[in-house]
Amino acid sequence: MASLAPLIGRLSQIFSPRICILSSSLLFAAGGLLTGHARSFAIFISGRIVSGAGGAGIMTLTLILVIELAGTKRRGLFLGLTNAGFTTGVALGAVVAGGLVGVTGWVSSFGC
């Protein structure tokens, strides 16, 4: 995210943030499909790179949209709620995925 944030921020100034977040979401989904259908380690890592780039775009653009849409009085609250959502997802995602891998296998973790 740190390496792609300046590029994504600039792209959201050139293009609409709606288009950028849609393309980031599609990139994230494509990375998940590529990772889930991987037949080799190189394809698996390629899928993780693609989904990581899409996830970085989603996180960066979400913060940009919150800053643009929230008023100055409530901006801190909304940024805090957004970061709390990201933190909850990161904290619980590994636990839930770890519980599901034993039952369903690793391929289903990537949406396939």
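Select Gly-57 first: leaving aside neighbours within four places in sequence, Gly-57 is in contact with Ile-8 and Ser-24, where contact means heavy atoms within 4.5 Å. The model on display is predicted, so local features need pLDDT of at least 70 and side-chain atom pairs count only at pLDDT 80 or more, whereas totals for chains, interfaces and linings use all residues. Residues are numbered from 1 along each chain as its sequence is written, and side-chain values use heavy atoms, with hydrogens and water left out.

**Stop 1**

Keep Gly-57 selected and display its helix, α3. Helices here are DSSP runs of H or I with at least four residues, strands are runs of E with at least two, and both are numbered from the N terminus. Gly-57 counts as buried, at 0% relative accessibility. The scale behind that word is as follows: buried means under 20% relative accessible area, exposed over 50%, and partly exposed in between, with a 1.4 Å probe and protein chains only. A distance drawn from Gly-57 to Val-107, C-alpha to C-alpha, reads 24 Å, for a pair 50 residues apart in sequence.

Ser-24 is buried, with a relative accessible area of 9%. Not counting residues up to four places away in sequence, Ser-24 touches Gly-54, Gly-57, Ile-58 and Leu-61.

**Stop 2: helix α2**

Select residues 17-36, which form α2. This helix has 20 residues and reaches 28 Å from its first C-alpha to its last, close to the 28 Å expected at 1.5 Å a residue; the expected span is 1.5 Å times one less than the number of residues.

Which residues of α2 are buried? Colour Pro-17, Cys-20, Ser-24, Gly-31, Gly-32, Thr-35 and Gly-36, the buried residues of α2. They lie on the same side of α2 because they cover an arc of only 145° around the axis, the arc being that of the directions from the helix axis to the C-beta atoms. An α-helix has 3.6 residues a turn, so residues three or four places apart point the same way.

Show the neighbouring helices as well: the buried residues of α2 pack against α1 and α3. Then turn to the face of α2 directed away from its buried side, where the exposed residues Arg-18, Ile-19, Leu-22 and Leu-26 are carried.

**Stop 3: helix α1**

Select residues 5-14 for α1. Ile-8, Gly-9 and Ser-12 are buried in α1. These residues sit on the same side of α1 because their arc around the axis is only 100°. What covers the buried residues of α1 includes α2 and α3. On the face turned away from the buried side of α1, look for the exposed residues Pro-6, Gln-13 and Ile-14.

Leu-7 is also found in α1. At 48% relative accessibility, Leu-7 counts as partly exposed. Its C-alpha atom and that of Thr-62, 55 residues away along the chain, are separated by 15 Å.

**Stop 4: the second largest pocket**

Display the second largest pocket, which holds about 200 Å³ of space. A pocket is an open set of points, on a 1 Å grid over the protein atoms alone, where a 1.4 Å probe fits and protein lies on both sides within 12 Å along at least five of seven lines; lining residues have an atom within 4 Å of a point. Grid points are joined across faces, edges and corners, and the volume is the space filled by probe spheres set on the points.

Of the 14 lining residues, select the closest to the pocket centre: Ile-8, Leu-11, Cys-20, Ser-23 and Ser-24. The elements giving two or more residues to the lining are α1, α2 and α3 (41-69). Which element gives the most to this lining? It is α2, with 5 residues. By class, the lining has 10 nonpolar, 4 polar and no charged residues. Here Ala, Val, Leu, Ile, Met, Phe, Trp, Tyr, Cys and Pro count as nonpolar, Asp, Glu, Lys and Arg as charged, and the others, Gly among them, as polar.

**Stop 5**

Go to Leu-81, in helix α4 (residues 75-104). Leu-81 is exposed, with a relative accessible area of 52%. Leu-81 and Ala-38 are 35 Å apart, C-alpha to C-alpha, and 43 residues apart in sequence.

Of the 112 residues of the chain, 21% count as buried. Among contacts between residues at least 6 apart in sequence, 65% join residues at least 24 apart.
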